[in-house]
Amino acid sequence: LSILALIVFVFFCLQFILQLVTTIIISDQQPAKASALNLASSLFSLIIIFILTKTTQGNLLYLGLALGSAPVIVLAASSIYLFRGEFSYYAPSLKFVKFSYAKNLMNLGLKFFLIQIASLILYQSSNIIIAQLFGPAEVTPYNIAYKYFSVAPMIFNIITAPLWSAYTEAYVKQDFNWIKNSMKKMSYMWVVLALFVIVMLFLSNKVYSLWVGEGVTIPFILSLALAFYVIINTWCGLFSQFLNGVGKIKLQLYSGLFGAVLNIPLAVYLGHNVGVSGVVFSTCILGMTSAIWSPIQYYKIIHNKAKGIWAS
């Protein structure tokens, strides 16, 4: 496990650097191309894992190498291709480094970095907590249910992906009517998605049975917790796209760090008292804070009423 952790960490760090190309693609309002790279990474991982199942015995190190190396290889190859072609004008080079811009860039970049770290702790630590509290066997039903309900936010993210850079452009041009209309349409989409998640919840036991058979039992309360989690998470994502696009992320940073600090003790407490679903409910409770303040901040910014932390 120590070697596996090192492998995952190294590839994770490499992805941080190489994902620069996907940021440029999205900024150029070509989210489909960025999504195609993610699809290529997933397909590459799938192919490697399929080959491993036919040629080797089960091995976590091989799995870690397959899942970690595939996106790095795809991103490295696409970076070389795009920076030599379509995005040659934006190709990174030491001769373009200007330290006078470092403070502003690092200030905003550090905020986004800390938000990502806080999100990882808040939303991705559940596997570790469940394994520690209930044993590794309980991670399996959680992961199955999580992947099932992840279909909904995946669809929603595909729809909202182009909005980040579009909000940036509209905000710079002071085109607030376009922003309002887009947010209104996305709110309707979120309502449809929430109804879709509710339908998924009531169909979950049948889907689990068809998917994994009767070998794994997934309690309905766990599915309920994950459905609630998806609905809250997508609601917050609706507004974070706008706030990220206009660079007003200080409140998001403080909220994320607050949630990251409280999540583990709250998850442990609810886990002991409620069970595996309690770990998920912990994330839901902390996510509710963002669900409340993010639409308020959006309203203040869009109506020119934001002051203090609401405007930064």
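Begin by selecting α11: 20 of its 27 residues are buried, so this helix is largely enclosed by the rest of the structure. Here buried means under 20% relative accessible area, exposed means over 50%, and partly exposed lies in between (1.4 Å probe, protein chains only). Helices are DSSP runs (H or I, at least four residues), numbered from the N terminus.

The model is predicted: local features need pLDDT of at least 70, side-chain atom pairs count only at pLDDT 80 or more, and totals for chains, interfaces and linings use all residues. Residues are numbered from 1 along each chain as its sequence is written, and side-chain values use heavy atoms, with hydrogens and water left out.

**Along α11**

Display the C-alpha trace of α11. From its first C-alpha to its last, the helix reaches 40 Å, close to the 39 Å expected for 27 residues at 1.5 Å a residue; the expected span is 1.5 Å times one less than the number of residues. Next, centre on F239, where α11 bends by about 30°. The bend is the angle between axes fitted to the seven residues ending at a residue and the seven starting there. Beyond the helix comes G247, whose phi is positive, near 75°.

**The largest nonpolar core**

Now select F149, I179, V197, L226, F242 and V280, which touch the most other members of the 50-residue largest nonpolar core. Such a core is a set of buried Ala, Val, Leu, Ile, Met, Phe, Trp, Tyr and Cys residues joined through side-chain atoms within 4.5 Å. Two or more residues each come from α6 (126-134), α7 (139-149), α8 (151-160), α9 (163-172), α10 (176-212), α11 (220-246), α12 (250-274) and α13 (276-302). The largest share, 14 residues, is contributed by α11.

Which residues does F242 touch? Leaving aside residues up to four places away in sequence, F242 touches Y167, I179, M183, Y298, I301 and I302, where contact means heavy atoms within 4.5 Å. A second, separate core has eleven residues, among them I24, L37, V74 and F83.

Move to α1 (residues 2-18). Its 17 residues should span 24 Å at 1.5 Å a residue, and the end C-alpha atoms are 25 Å apart, which agrees. Select L4, I7, F11 and Q15, which are buried in α1. They cover an arc of only 70° around the axis, which puts them on the same side of α1; the arc is that of the directions from the helix axis to the C-beta atoms. The buried residues of α1 pack against α4 (60-84).

Select Q174 in the loop between α9 and α10. Its phi is near 60°, a positive value in a residue other than glycine, and at 48% relative accessibility Q174 counts as partly exposed. Then go to N304, in the segment after α13. N304 also has a positive phi, of about 60°, although it is not a glycine; with a relative accessible area of 67%, N304 is exposed.

**Cysteines**

Finally, select the cysteines. The structure holds zero disulfides, a disulfide being a pair of cysteine sulfur atoms within 2.5 Å. For C284, the nearest cysteine sulfur is that of C236, 10 Å away. Is C284 buried or exposed? With a relative accessible area of 1%, C284 is buried, whereas C13, at 30%, counts as partly exposed.
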